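Hi everyone, thanks for coming. Let me put the structure up so that we can walk through it together.

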Amino acid sequence: MQIVQTDVVIVGGGGAGLRAAIAVAEADPDLNVSLISKVVPMRSHTVAAEGGSAGVVQTEDSLDSHFYDTVAGGDWLCEQPVVDYFVANCTREMVQLEHWGCPWSRKDDGDINVRNFGGMSTARTWFAADKSGFHILHTLFQTSLKYASVHRFDEFFCLDLIVVDGRCQGIVAIEVATGEFFRFEARAVIFATGGAGRVYPCNTNAGISTGDGMGIAFRHGVALRDMEFVQYHPTALPGSGLLMTEGCRGEGGYLVNKDGYRYLQDYGLGPVDPSPRPKAMELGPRDKVSQAFWHEDRQGRTLETPLGTAVHLDLRHLGRAKLLERLPMICEMAETFLGIDPAEAPIPVRPAVHYTMGGIWTDGDTATNLPGLFAAGECSSVGIHGANRLGSNSLAEIVVFGKVAGEQAARAARAAPAIDARATTHEAEASMQSALALLGQDGDQRLADLRDTMQTAMENGVGIYRSAEGMQTACQTLEKVRNDYSRVRLDDKSRAFNTEWLTVIELGFTLDVARAMAYSALQRTESRGAHQRLDGYEKRDDEHFLKHSLAYAVADAPPRIDYEGVVITKLPPAERVYGGMARQEGH
Amino acid sequence: MATHDEIEIEVLRYHPETDSEPSYRTYRVPFAHETSVLQGLQYIKDRLDGSLTFRWSCRMAICGSCGMMINGVPNLTCSAFLREYHPGKLRIEPLAHLPIERDLAVDQTDFLEKLASIQPYIIPAESKAVDEGPFTQTPAQRERFYQYSECINCLLCYAACPQYGLDSGFLGPAALALLHRYNSDSRDVGKADRMPIVNAQEGVWACTLVGYCSEVCPKGVDPASAVNRNKVISTLDYFFRFMAPRGASE
Ligand SMILES: Cc1cc2nc3c(=O)[nH]c(=O)nc-3n(C[C@H](O)[C@H](O)[C@H](O)COP(=O)(O)OP(=O)(O)OC[C@H]3O[C@@H](n4cnc5c(N)ncnc54)[C@H](O)[C@@H]3O)c2cc1C
Ligand code: SF4
Ligand code: FES
């Protein structure tokens with residue numbers, strides 16, 4: 001096993017990890033940073049984000065309004081002091097990205113342009129055409145090359161944390177190209193490993209979004225918070241789940257059922273304006289828009305397509321010129337994947353799993369409950385998304401809290417006690433042996449079958465609408481998959497670039513994340529945000545469930561689910577109101 | 001997947017631990033209208049042979065992971081479709097001109113080092129505090145560099161470039177396009193620092209104007225035009241250096 005001694009390890013080269021790396025380098029250039037990522041950083045999933053990133057800029061807009069939208073959008077399950085910090089820092093980070101070269105779209109006079117997004121009271125979403133995440137990620141990656149103290153370990157797969165004396169003292173990684181093991185000894189570790197969309201069969205996520213960081217932290221006793229809240233994005237392509245950004249509707253696109261009817265008016269989201277007003281109709285929040293699809297589908301008002309039922313996302317009235325200026329990638333994707341020109345024909349779409357609201361529990365400063373371990377980005381639950389994330393809040397989150405994580409880890413690294421090399425060696429050896437055991441093990445189970453069984457169980461039991469019976473079945477299936485996992489047999493027993501081996505390790509993490517989601521969901525006997533039940537718990541129950549769930553790993557048993565209060569400082573729980581009655585900007 | 005047909009996929013196989021040279025293996029893969037070449041490879045890995053090695057991630061032609069040679073042409077496998085090759089077959093190989101790591105995965109290190117060498121970040125005229133707000137940049141100013149910022153680093157252009165094939169010292173299409181992207185940005189004054197890289201023997205002058213790089217580019221970056229513009233700028237730069245001290249041509 002090779003050894004790398006470093007000050008700060010960052011696992012993840014997406015937006016959150018890169019922003020954290022730059023923050024450490026700027027806080028203290030003497031700290032040695034090891035940036036570890038299973039793909040070359042610019043391949044990270046942030047690259048796929050399309051629509052844009054929130055930050056208050058318009059004179060009629062206010063931080064209070066962004067705060068209100070976020071907390072109401074999250075169905076009051078947000079940590080209000082953290083949301084306060086977040087909204088106060090989004091714009092600053094957007095400007096920072098601009099200074100680093102991010103090609104934000106502009107108004108004619110050269111000012112930043114902003115667009116509408118679902119659940120936001122006014123236009124406050126910064127965008128770079130419909131490739132916002134792509135440009136943010138490449139800007140961060142290229143900028144990170146300026147900092148000599150940031151050492152990249154591209155295509156290194158993080159296998160485990162090293163925890164000694166209750167303190168995180170490094171990680172174990174596999175170098176993908178060679179299959180060699182590396183032990184990184186560090187005074188602070190940041191997880192920025194992204195989301196877990198791959199828990200479900202039809203999702204908008206990249207293949208790498210397997211929840212590794214969540215799974216690893218969970219196994220070390222770190223709490224996973226609010227895992228039952230999984231966001232379905234209402235407009236993805238049937239079958240593949242490829243995303244048609246909410247920016248389509250932000251620019252004025254319509255959702256219509258098979259009769260050409262803008263059905264959202266029947267779900268409390270009216271009135272029907274020619275161009276939807278903020279928070280109404282097509283600009284409603286994602287949970288409600290996806291739930292409306294479910295009802296339309298039940299009532300037979302969706303279209304049949306070879307890959308499942310769908311509604312139409314109609315952009316024709318926007319005209320070709322605007323589509324090419326504002327939504328060029330959508331045009332390209334519709335052409336490539338469907339053979340459709342959105343200026344001529346509507347795009348068939350249906351909901352697909354998109355975002356994990358929950359994640360590794362952290363305080364407002366990104367510290368987890370394991371000393372020495374920090375978490376930021378989609379893998380974390382810092383408390384801003386509650387039960388339903390608003391679109392464009394997570395690109396903002398990765399930079400706002402990526403920076404905080406970098407600064408906090410730098411501080412922690414300077415203060416940390418010396419590393420106990422003997423004990424870390426021992427821990428690392430143990431993780432290495434269990435990974436090697438997977439490689440050697442004999443059995444009768446095929447990796448792809450286990451993955452498919454897990455994903456189908458989650459879609460069927462822990463989907464847009466849920467019932468105890470369905471969730472229990474899902475939990476049982478997950479336990480069975482977990483048993484079968486010890487009998488997976490790999491075709492590939494070699495070490496160099498063995499992606500089958502790495503995929504089976506990932507599946508182990510994903511399976512733990514799925515269990516945390518399913519058991520947390522089963523025990524929340526109310527409906528809130530993205531967690532909607534059909535079995536007598538259709539209402540929000542603030543008396544019992546204005547609480548975060550906390551899932552803890554238990555050896556050889558289902559996770560234990562605890563609860564924790566929500567910090568509410570200025571906005572007491574109220575009804576979420578969208579459509580014509582919704583509160584508009586600058587309230 | 002509404003399967004309706006089968007297609008033959010011949011794949012280059014090479015394992016650094018056991019093989020002295022590459023060989024080919026053929027698989028039969030069912031496909032439907034919407035099945036991408038990448039999904040064909042995933043089918044092989046899931047169902048037929050878990051040891052087949054290739055990179056992929058986003059499935060939507062934006063992460064730049066999945067470039068390979070399909071029947072001799074550099075392409076993104078996630079946005080090419082099996083139906084386009086039916087009833088013929090496919091031969092899939094790793095991107096040309098790059099060392100093979102295993103099967104269809106190539107070594108990207110050389111490109112990543114080149115990318116880093118061109119100082120791909122804004123070098124501002126004077127530092128501006130974040131609190132002072134964004135720089136002004138008109139749509140026309142943005143237009144001047146935007147196309148060159150759309151590169152997804154997929155390396156198809158390197159597999160297409162005959163000059164890079166002959167001499168991997170050549171900076172190559174995507175790195176030169178990115179250099180041009182920063183040089184053309186109204187917020188940047190780093191051109192004087194970057195031009196020596198261009199002027200060096202392995203910079204633009206090695207390009208022989210084949211233009212195949214732009215033809216295969218999936219994102220319309222047109223790296224060939226960036227290379228040529230750099231040639232013009234490079235000549236001007238050379239010329240101006242006799243007339244004025246360095247930097248005065250900014
Ligand atoms: C299609 C799509 C569109 C989106 N559009 C928007 C939008 O318009 N606005 C918005 O606000 N949000 C959007 N989102 C959400 C947003 O893009 C993500 O939440 C965000 O980019 C996550 O960034 P991250 O840095 O946390 O993780 P990622 O970018 O996913 O990066 C994770 C990193 O961790 C690394 N990693 C993971 N596991 C390991 C391991 N075991 N070992 C080593 N490295 C590892 C990966 O290599 C990667 O570098 C979108 C999401 C999707 C799916
Ligand atoms: S210039 Fe085009 S072909 Fe070359 S790496 Fe960039 S996107 Fe790929
Ligand atoms: S998988 Fe990302 S470009 Fe093809």
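**Ligand 1 and its shell**

Let's start with ligand 1, which has 38 residues around it, the closest being S44(A), H45(A), T46(A), E378(A) and L395(A). A residue counts here if one of its heavy atoms lies within 4 Å of the ligand. Before I go on, please keep in mind that this is a predicted model, where local features need pLDDT of at least 70 and side-chain atom pairs count only at pLDDT 80 or more, while totals for chains, interfaces and linings use all residues. Residues are numbered from 1 along each chain as its sequence is written, chains are lettered from A and ligands numbered from 1 in the order in which they are written, and side-chain values use heavy atoms, with hydrogens and water left out.

Which atoms does ligand 1 approach through its oxygen and nitrogen atoms? One of its oxygen atoms lies 2.6 Å from a polar side-chain atom of E378(A). On the backbone side, a polar atom of G15(A) sits 3.2 Å from an oxygen atom of the ligand, and a polar backbone atom of G52(A) is 2.8 Å from a nitrogen atom of ligand 1. The protein buries 99% of the 1,000 Å² that ligand 1 exposes when taken alone; accessible areas are from the Shrake-Rupley method with a 1.4 Å probe, and for residues only the protein chains shown count as cover.

Which element of chain A gives the most to this shell? That is helix 10, with four residues. Elements that each supply at least two residues include helix 1 (15–27), strand 3 (33–37) and helix 10 (393–415) of chain A. Helices (H or I, at least four residues) and strands (E, at least two) are DSSP runs, numbered from the N terminus. By class, the shell holds 14 nonpolar, 19 polar and five charged residues. For the classes, Ala, Val, Leu, Ile, Met, Phe, Trp, Tyr, Cys and Pro are nonpolar, Asp, Glu, Lys and Arg are charged, and the others, Gly among them, are polar.

**Ligand 2**

Over in chain B, the residues surrounding ligand 2 include C151(B), C154(B), C157(B) and C217(B), along with P218(B) and P223(B). That shell has 11 nonpolar residues, one polar and no charged ones.

**Where the chains meet**

How many residues of chain B are in contact with chain A? The count is 63, against 68 residues of chain A, with contact meaning heavy atoms within 4.5 Å. The two chains bury about 5,200 Å² between them, 53% of it on carbon and sulfur atoms. Buried area is the accessible area (1.4 Å probe) that two parts lose on being put together, summed over both. On the chain B side, R59(B), M60(B) and V130(B) lose the most area to chain A, together 14% of what that side buries.

Nine salt bridges run between the chains, and a salt bridge here is a side-chain nitrogen of Lys or Arg within 4 Å of a carboxyl oxygen of Asp or Glu. One of them pairs R187(B) with E98(A), at 3.0 Å from N to O.

**Links and backbone details**

Across all chains, the whole structure has 68 salt bridges. In chain A, R489(A) pairs with D442(A), their closest N and O atoms being 3.2 Å apart. R489(A) is in the loop between helix 13 (468–485) and helix 14 (499–523), and D442(A) in the loop between helix 11 (421–440) and helix 12 (447–461), so this pair ties together parts 47 residues apart in sequence.

Finally, the backbone. Most residues other than glycine have a negative phi, and most peptide bonds are trans. G270(A) and P271(A) are joined by a cis peptide bond, with omega about 10°, and another cis bond joins H86(B) and P87(B), with omega about 5°. H97(B) has a positive phi, near 75°, and lies in the loop between strand 5 and strand 6 of chain B.

Terms used: A polar contact is a pair of N or O atoms within 3.5 Å; within protein, one must be able to donate a hydrogen and the other to accept it, and residues adjacent in sequence count only if both atoms are side-chain atoms.
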